[in-house]
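Dear colleague,

Please find below the structure that I am handing over to you. My findings follow directly after it.

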Amino acid sequence: MKPTDDRQFPAALATAMAVPFDYADGQTGVDFEPFPAFLSAAETTDWFQAWTGNSELDGSDFRVFGQDGTGGYAAIWLIRPGRPLAEQPVVFLGSEGETGVVARDLGDFLWLLADGFGPWEAATSYEPDWKAHPNPELAAIAEGFAPHQRWSAAAVIELAAQEFPGFDDTIMGLCR
């Protein structure tokens, strides 16, 4: 797919990313730091080449919009040809090689956030004692932008995994 170089946040993403995420020392918070804008094409290329060890890639299929505390990135994955950013899946590529499709689209991602999960929490299960705390402000945003997509975080994660079961293999196949 040859995506456009549109680096403008969709309105739903811009609204959600304006809400502060409280890490709460890792006890009850979400480990997510949203960016004020998508990374530039050059920054995305630099990151994706470093992440994969493959200098032939350009990362143009990703729109990176935030990171966790270790530098893992959350991005929109442009895998659906001709569809707007809001209809593309949201993925996480962690600093330690973690990968995951965390939501099928932006609407599902909003409900994931509303249920108290960030991209890292959705893609990993390293903290078995961690408990999500729903966020009423993000729930109101999800209700405003995606009222017909109300899912629990567990359902969002499961639906994304079902629709994109080969994401990890695809990404690992690009690594050198």
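R104 lies in the loop between β5 (99-103) and α3; helices (H or I, at least four residues) and strands (E, at least two) are DSSP runs, numbered from the N terminus. This is a predicted model, in which local features need pLDDT of at least 70 and side-chain atom pairs count only at pLDDT 80 or more, while totals for chains, interfaces and linings use all residues. Residues are numbered from 1 along each chain as its sequence is written, and side-chain values use heavy atoms, with hydrogens and water left out.

The side chains of R104 and D108 form a polar contact at 2.7 Å (a pair of N or O atoms within 3.5 Å; within protein, one must be able to donate a hydrogen and the other to accept it, and residues adjacent in sequence count only if both atoms are side-chain atoms). Leaving aside residues up to four places away in sequence, R104 touches R80, E87, Q88, P89, W151, L159, A160, E163 and F164, where contact means heavy atoms within 4.5 Å.

R7 is placed in the segment before α1 (11-17). Its side chain reaches the backbone oxygen of L39 at 2.8 Å, and a polar contact of 3.5 Å links the side chains of R7 and T44. Not counting residues up to four places away in sequence, the residues that R7 touches include F38, S40, A41, F62 and R63.

Two helix pairs were examined. Helix α3 (residues 106-114) packs against helix α5 (residues 136-145) at an angle of about 160°, with the axes 8 Å apart. α3 is therefore roughly antiparallel to α5. Axes are lines fitted to C-alpha atoms, for helices over the stretch in contact, and angles run from 0 to 180 degrees between N-to-C directions; those under 35 degrees count as roughly parallel, over 145 as roughly antiparallel, 65 to 115 as roughly perpendicular and the rest as oblique. On the α3 side, L110, W111, L113 and A114 meet L138, A139, I141, A142, E143 and F145 of α5. The residues of this contact comprise nine nonpolar, no polar and one charged (Ala, Val, Leu, Ile, Met, Phe, Trp, Tyr, Cys and Pro count as nonpolar, Asp, Glu, Lys and Arg as charged, and the others, Gly among them, as polar).

In the second pair, the axes of helix α2 (residues 41-52) and helix α7 (residues 167-174) come within 8 Å and cross at roughly 90°. These two helices, α2 and α7, are therefore roughly perpendicular to each other. F48, W51 and T52 of α2 meet I171, M172 and L174 of α7, a contact with five nonpolar residues, one polar and no charged.

Overall, the protein has seven helices and five strands. Along its principal axes, the C-alpha trace spans about 45 × 35 × 30 Å.

Yours sincerely
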